[in-house]
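Have the viewer open and follow along.

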Amino acid sequence: MNDELQGRAAQPAAIRERAEAEMKALGIDDAFIGRLVDTFYGRVRAHPELGPVFDARLSGRWPEHMEKMKSFWSVVAFRSGAYGGKPVQAHLGIANMSPELFPKWLALFAATLDDIAPDNDAKAWFMATAERIARSLTLSLFYNPALDDPALKRS
C-alpha cells in the first residue's frame with residue numbers, strides 16, 4: 001500500500017481514537033450510553049405526549065429500538081462508523097409526529113442528563129449533539145422551502 005493510501009486509512013482510526021479519549025475524559029463509556037438510552041426511553045414511554053407517538057410506532061419492537069439507539073449513540077460518541085440506520089427515513093410517516101414534540105423530547109433528554117450525566121461537560125456534549133439531531137430531523141421532516149419563497153410572501 002502506498003503512503004497516501006496508508007494515510008487515508010489511518011485517518012478514521014485516528015478520529016476514533018481522539019473521540020474515545022474525549023469521551024473517556026468526560027466519563028462516557030458504553031455502560032453510560034446504555035444507561036442513558038434505557039433511562040431516557042423509559043421516560044419517553046411514560047410521557048403523556050411522547051409516549052403514545054413512540055409506542056404506536058414501536059409496539060412490540062421496543063427491545064430492537066433500544067439496541068439500535070444504543071448503537072446510534074455509541075457511534076455518535078465514539079465515531080466508530082458502525083451505525084447503518086437511516087434516521088430521517090425511520091421518522092417519516094409517524095402518526096401524530098409534529099415539530100412541537102421535539103422541544104419536549106429535548107427537555108426530557110436534558111432532564112435525564114441532569115440526573116445521570118457524570119458532569120456538566122458530558123451533559124453539554126450530549127445536549128449539543130441532541131439539539132443538532134433534533135434540528136436536523138425537524139428540518140428534514142417538516143421544513144417546506146416554498147414557505148420561504150419571497151414570491152409567495154404577501155406585503
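This is a predicted model: local features need pLDDT of at least 70, side-chain atom pairs count only at pLDDT 80 or more; totals for chains, interfaces and linings use all residues.

Residues are numbered from 1 along each chain as its sequence is written, and side-chain values use heavy atoms, with hydrogens and water left out.

**Overall build**

- The protein chain has seven helices and zero strands, where helices (H or I, at least four residues) and strands (E, at least two) are DSSP runs numbered from the N terminus.
- Read from the N terminus, the order of elements is α-α-α-α-α-α-α.
- Of the 155 residues in the protein chain, 34% are buried; buried means under 20% relative accessible area, exposed over 50%, and partly exposed in between, with a 1.4 Å probe and protein chains only.
- Take the contacts (heavy atoms within 4.5 Å) in the protein chain between residues at least 6 apart in sequence: 78% of them join residues at least 24 apart.
- The accessible surface of the protein chain is about 9,600 Å², and carbon and sulfur atoms own 54% of that; the areas come from the Shrake-Rupley method with a 1.4 Å probe, and for residues only the protein chains shown count as cover.

- L50, G51, V53, F54 and L58 are the buried residues listed for helix 3.
- They sit on the same side of helix 3, because they cover an arc of only 165 degrees around the axis, taking the arc from the directions from the helix axis to the C-beta atoms.
- After helix 3 comes G60, with a positive phi near 80 degrees.
- H47 is in the loop between helix 2 (30-46) and helix 3 (50-58).
- H47 counts as buried because its relative accessible area is 18%.
- Not counting residues up to four places away in sequence, H47 touches P52, K104 and L108.

**The cavity**

- There is one cavity of 30 Å³ or more in the structure, and the largest cavity has a volume of about 30 Å³.
- A cavity here is a set of points, on a 1 Å grid over the protein atoms alone, where a 1.4 Å probe fits but cannot get out; lining residues have an atom within 4 Å of a point.
- Grid points are joined across faces, edges and corners, and the volume is the space filled by probe spheres set on the points.
- The lining of the largest cavity is made up of L36, V37, F40, Y41, W73, W105 and F109.
- Helix 2 gives the most to that lining, with four residues, while helix 2 and helix 6 (101-116) each supply at least two.
- By type, the lining splits into seven nonpolar, no polar and no charged residues; Ala, Val, Leu, Ile, Met, Phe, Trp, Tyr, Cys and Pro count as nonpolar, Asp, Glu, Lys and Arg as charged, and the others, Gly among them, as polar.

- W62 lies in helix 4 (residues 62-78) and is buried, at 5% relative accessibility.
- Leaving aside neighbours within four places in sequence, W62 contacts Y41, R45, F54 and D55.
- A124 is in helix 7 (residues 120-142) and is partly exposed, with a relative accessible area of 44%.

Technical notes: On a 1 Å grid over the protein atoms alone, a cavity is a set of points where a 1.4 Å probe fits but cannot get out, and a pocket is an open set with protein on both sides within 12 Å along at least five of seven lines; lining residues have an atom within 4 Å of a point.
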